[in-house]
Amino acid sequence: MKVRLLTASDAEEYWKLRLEALMFSPEAFASSYEDAVKRKNAIEQVKENFKAEGSYTFGAFTDDVMIGMVTLVQESYKKMSHKANIFAMYVTSRSRGQGTGKALMHAAISKANEIEGVEKLNLTVVSSNDKAKKLYERLGFTAYGTETRALQVDGVFYNEDHMELFV
């Protein structure tokens with residue numbers, strides 16, 4: 001497995017994996033599959049996101065096939081620029097339990113450590129996703145609060161835990 005920063009040439013493969021994530025893990029993301037497939041010029045938007053200052057998306061690959069992804073975004077406001085957020089973490093079901101998520105998170109944390117002024121990483125995780133929470137805890141993240149009924153998917157509410165890591 002190889003983890004690397006994604007570029008515009010990865011946009012189409014990323015988008016396919018993003019749609020898979022939204023379809024098979026709808027409770028894990030604020031975006032919905034239904035909203036995502038309606039986006040106009042989605043691939044072009046992804047390419048622009050990959051070029052955005054302070055935004056870094058990593059992909060995990062096995063045999064040149066993307067099997068996971070994670071995005072790190074530094075806050076843009078001056079008063080909040082000491083923080084960055086982890087978004088869109090996903091690993092295909094067939095690749096879970098093999099260290100892919102850990103490798104992706106290591107890449108994001110390492111990048112955060114390189115960004116001048118970033119002192120803290122934030123993420124949210126569905127409260128019932130024990131495997132993800134345990135991974136984040138092993139990496140040093142601690143929970144600092146829970147938002148009840150943070151997401152609603154098909155009439156079911158999901159709580160989200162807020163976690164932080166000081167880098």
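Tutor: Helices (H or I, at least four residues) and strands (E, at least two) are DSSP runs, numbered from the N terminus. The largest share of the lining of the second largest pocket comes from helix 1, with four residues. This is a predicted model, in which local features need pLDDT of at least 70 and side-chain atom pairs count only at pLDDT 80 or more, while totals for chains, interfaces and linings use all residues. Residues are numbered from 1 along each chain as its sequence is written, and side-chain values use heavy atoms, without hydrogens and water.

A pocket is an open set of points on a 1 Å grid over the protein atoms alone, where a 1.4 Å probe fits, with protein on both sides within 12 Å along at least five of seven lines; lining residues have an atom within 4 Å of a point. Volume is the space filled by probe spheres set on the points, which are joined across faces, edges and corners.

The second largest pocket has a volume of about 250 Å³. It is lined by 16 residues, of which Tyr14, Arg18, Arg39, Asn49 and Ala88 are the closest to its centre. At least two lining residues each come from helix 1 (11-24), helix 2 (33-37), helix 3 (42-51) and strand 2 (55-62). Sorted by class, the lining has seven nonpolar, six polar and three charged residues. Here Ala, Val, Leu, Ile, Met, Phe, Trp, Tyr, Cys and Pro count as nonpolar, Asp, Glu, Lys and Arg as charged, and the others, Gly among them, as polar.

For reference, the largest pocket has a volume of about 1100 Å³.
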